Amino acid sequence: MTQPTRRHWLLGAAAAATTATLPAQAQQAPSPASPLGTDVPMVFPRTEFVYESIVDIADMVNMGTGPLGERRIVPITGGEFAGPGIKGVVLPGGADRQLVRQDGARLLDALYELKTDDGVVVTVHNQVLVRTPQGEPRYAASHIRLSAPNGKYGWLNDCVYTGTLDSLRPKRNAVLIRVFRII
């Protein structure tokens, strides 16, 4: 059995993000038959909203072209986040490292911290695939890892998360990230 690759994670995240936007009755559709003929029912991932964040960013810094494509870094300067039972600010000091592949797809790898209103620091590692195929809708889906200390927010350590990414420019030099727990 092969180990899951980043592509597998991103494809799973995309499926979960798509499922999150479907009406409830569409999510309850009968399971399709197994393509391998197993008798194990196919259950599609479901998601639950966790929080959304507005992440303020500085101007992109071009780091030059390497063997895999153009390298960039985007400093994270602050922001805010909120969701059911969790709220706070995005701490400055994180960064989004980007690779623009030769086919135009962007691989984003952001690492930063959130600080809850009650002082708990949560680390966010958000890996995003962004594609804008000509004549097709933009695709931006992510695999997110959250790391929190034990205690009130320890539940953040026990799930797989996926998310979406949208730019808030030109209104604000920021991105909007929505995070969903796969259940």
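**Close-up 1. Asp166 and Arg138 pair up in a salt bridge, with 3.8 Å between their closest N and O atoms.** Here a salt bridge is a Lys or Arg side-chain nitrogen within 4 Å of a carboxyl oxygen of Asp or Glu. Asp166 sits in strand S9 (residues 160-167) and Arg138 in the loop between strand S7 (121-131) and strand S8 (139-147), so this pair ties together parts that are 28 residues apart in sequence. Strands (E, at least two residues) are DSSP runs, numbered from the N terminus. Asp166 is partly exposed at 33% relative accessible area, and Arg138 is partly exposed too, at 37%. For the cut-offs: buried is under 20% relative accessible area, exposed is over 50%, and partly exposed is in between (1.4 Å probe, protein chains only).

A word on the model: it is predicted, so local features need pLDDT of at least 70 and side-chain atom pairs count only at pLDDT 80 or more, while totals for chains, interfaces and linings use all residues. Residues are numbered from 1 along each chain as its sequence is written, and side-chain values use heavy atoms, with hydrogens and water left out.

**Close-up 2. Arg181 meets Glu48 in a salt bridge, 2.4 Å from N to O.** Arg181 belongs to strand S10 (residues 174-182) and Glu48 to strand S1 (residues 47-57), so the contact ties together parts that are 133 residues apart in sequence. Glu48 is partly exposed, with 35% relative accessibility.

**Close-up 3. Arg101 and Asp103 join side chains in a salt bridge, 2.7 Å from N to O.** Both ends are partly exposed: Arg101 has a relative accessible area of 29%, and Asp103 has 47%. In total, the structure holds eight salt bridges.

**Close-up 4. The largest pocket holds about 390 Å³ of space.** A pocket, on a 1 Å grid over the protein atoms alone, is an open set of points where a 1.4 Å probe fits, with protein on both sides within 12 Å along at least five of seven lines; lining residues have an atom within 4 Å of a point. Its volume is the space filled by probe spheres set on the points, which are joined across faces, edges and corners. Of the 23 lining residues, Ile57, Asp96, Gln98, Arg106 and Val175 are the closest to the centre. Strand S6 (106-116) is among the elements that give two or more residues to this lining, and S6 gives the most, with four.
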